[in-house]
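Subject: Structure handover

Dear colleague,

Please find the structure below, with the sequence. My notes on it follow.

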Amino acid sequence: MSAIHCHQLCKTFRQGDEIITGLDHVDISIEEGEFVCLSGPSGSGKTTLLNAIGGLDTPDSGEIRMGDIRIDQLERGPLADMRLHHIGFVFQAYNLIPVLTAQENVEFVMQVQGIPAAERSRKARDILREVGLEGMEDRRPAQLSGGQQQRVAVARAIVSHPDLVLADEPTANLDSVASTHLMGLFSELNENHKITFVIATHDKRVMSYARRLIKMQDGKIISDEAQ
Amino acid sequence: MADVSLVLAWRNLWRHGRRTWLTIGAMIFSNTLLVFSISLQFGSYDMMIDNTLQAYSGHIQLQHARYLDEPKMRYALPDIDASAQTLRKELGLSSISARAVGFALASSHERSYGLQILGVDAEHEPLVSTLPGLVKQGRYLDPAAVEEIVIGSVLARNLKVGPGDELTFLGSGFDDSFAAGVVTVVGVFESGVADLDRSMAQVNLGYFQEIFAMQGHGHSIVIRAAHIDDVDQLMADISTLKPASDKLAIRHWDELQPGLRQAIQADMTSAWFMYLVLIVLVAFSVLNTQLMSVLERTREFGTMMALGLQPSRLARLVMLETALMTSVGLALGITLGCLITWYLSHVGFSYPGMEEMAVKFNLPDRMYPAISPVSLTLGPGIVAIGSLLASIYPATRLYLLLPIEAMRAA
Ligand SMILES: Nc1ncnc2c1ncn2[C@@H]1O[C@H](COP(=O)(O)OP(=O)(O)O)[C@@H](O)[C@H]1O
Ligand SMILES: [Mg+2]
């Protein structure tokens, strides 16, 4: 159900008297299991597009479908459920819950998803091992490095195997070793679990992992190439 | 991890430990105070009821069915002495005493005053009433004697008589005949109850029945239960022995002293007004704490919404935090309140000036709060409900959040 189709998406922002273009008639189709990078300079509309796809923001006009569902027309409640059960988000600023440990941060979303306690605990432990955080389960975000926090955020996003992962500049705060490690993990999840990835970045190394590269500028798609 | 939400709520509370403790402290303070004052209130009501009922009316009275509304000579019960004797035997309770009541004009050498004259069973009267024990000059009635009278202190002053002086009284008897007697004052009582001290006198029942031509009749059988909690059971027992009829009514103290409940209710109303102020203050403190805590965490709540949590889920988290905070305040407040109240319910306590009042009005010279499940939980329970209600407003703020805007907040 994770194929995404965007049709003539437009979004503008008003800042004082100024009208800023976020998305300008964007058409895009992403099939199940793809690994797509959105690139482009800062302000080109990458985040705006990810937010629209994830239902965090509604476009001014145009359509977004995920499978048969019109994301842009869903009510708040079903939209939240959609995100909870089908979409994993990785934010640029990690956005972990500071009072919870790595393990608890991962479990929290699973509890909301309704996964039983024993299964939750086991899955969280497994995924943290998979992202290379074995032994750090009981640390709180403040006791982890930026790269480690980002890996917790990734673990939280992928632990329940969503259909789609939307990652916004996931390596912006990581050094090159951590970036490489994270991208390796994404590729592996994409291949082994058929999770669709859409990653916004202006990091050249990240783009090299993508099998499809979409370039944006001023809210428009200026190129869309397989590589 | 059994419940991450619970862990999350608990740790969130201690992010601003001092602020949380201040709020919990306000709860502990008001819960302790409420437990103590409500227990004290209940204790003093018990005392008030006991003292009032012990002075004169007793817990239960058997009367002619019409006597309560129209206290007339002719609404009397036959063979009253024998009936009282039977009841004492059947119930195995000695604090049961028969009375007859009449009105008369009493004259000393100098003056005349109207008074209520009571014929009492001088042997059993001290078991149902504290009046016989409050004779301050002279002595109480001798059960065997005739032509003796004890009178209230104000009446004695008005009539200018004391023990040893003679009084003449005139009234009308049971059969509307003329009733008159000459008696010697043997004692003067001082109850502190103005009505009794001003206008009451007691003579022996036998003598009364003779003078007022009662033919064995009397007006009430007064019963004092061992404890006020036994009254209802006792009433039930009595009504099986002596079923109520159009001639006989079994009266609960509530009917005999209608002002008492009202006085207690009036006192409760004014006390609850003060409690309410306290509860509202605690509720506002909770409101403030939770509102600040929600506003500070806008970004976190935005993230949670972006991850797919419904606003209702976040609202529940805030309510859970309040519930945890309230539970701590409830547990500590009740414990502390219980300890203090329990201690004072054993040693009692008094405030300056209380002892003088106590001597004057025949009250115990110390107050004893009465701990009960209700007095322990009523106040704190309402504080808890008030606190939870107060956190509804901060919780509803979450419904206004939009995830991306919230995530952009500092
Ligand atoms: N909430 C907002 N209010 C005003 N302008 C915004 C808002 N969000 C995004 N924009 C503007 O929209 C354009 C696209 O932004 P964004 O999608 O964040 O770009 P990118 O992620 O590619 O850096 C930028 O010019 C940005 O300033
Ligand atoms: Mg961006």
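In which loop of chain A does H161(A) lie? H161(A) sits in the loop between α5 (146-158) and β7 (164-168) of chain A; helices (H or I, at least four residues) and strands (E, at least two) are DSSP runs, numbered from the N terminus.

Before the rest, the conventions. This is a predicted model, in which local features need pLDDT of at least 70 and side-chain atom pairs count only at pLDDT 80 or more, while totals for chains, interfaces and linings use all residues. Residues are numbered from 1 along each chain as its sequence is written, chains are lettered from A and ligands numbered from 1 in the order in which they are written, and side-chain values use heavy atoms, with hydrogens and water left out.

Chain A

Chain A has 7 helices and 10 strands. Its radius of gyration is 17 Å, in agreement with the value near 17 Å for a compact globule of 227 residues (taken over C-alpha atoms; the globule rule is 2.2 Å times the number of residues to the power 0.38). The C-alpha trace spans about 50 × 40 × 40 Å along the principal axes. Of the 227 residues, 57% are buried (buried is under 20% relative accessible area, exposed over 50%, partly exposed in between, with a 1.4 Å probe and protein chains only). Chain A carries 23 positive and 32 negative side chains, with the centres of the two sets 3 Å apart (Lys and Arg count as positive, Asp and Glu as negative, His and the chain ends are not counted; the charge is placed at NZ of Lys, CZ of Arg, CG of Asp or CD of Glu).

For H161(A), phi is near 50°, and the residue is partly exposed at 40% relative accessible area. D218(A) has phi of about 50°, is placed in the loop between β9 (212-217) and β10 (220-226), and is exposed at 53%.

Chain B

Chain B contains 16 helices and 10 strands. With a radius of gyration of 32 Å, well over the 22 Å of the globule rule for 410 residues, chain B is more spread out than a compact globule. Its C-alpha atoms fill a box of roughly 100 × 45 × 30 Å along the principal axes. Buried residues are 51% of the 410. The 29 positive and 38 negative side chains of chain B have centres 15 Å apart.

H64(B) is in the loop between β1 (60-63) and α3 (80-91) and is buried, at 7% relative accessible area. Leaving aside residues up to four places away in sequence, H64(B) touches, among others, Y75(B), H219(B), D246(B) and K247(B) (contact means heavy atoms within 4.5 Å).

Helix α11 (residues 298-307) of chain B has 9 of its 10 residues buried, so it is largely enclosed by the rest of the structure. The buried residues include F301(B), M304(B), M305(B) and L307(B). G308(B) follows the helix, with a positive phi near 115°.

The interface

The contact draws 29 residues from chain B and 28 residues from chain A. The two chains bury about 2500 Å² between them, 59% of it on carbon and sulfur atoms (buried area is the accessible area, 1.4 Å probe, that two parts lose on being put together, summed over both). V4(B), R11(B) and L307(B) supply 25% of the area that chain B buries against chain A, more than any other three residues.

Regards
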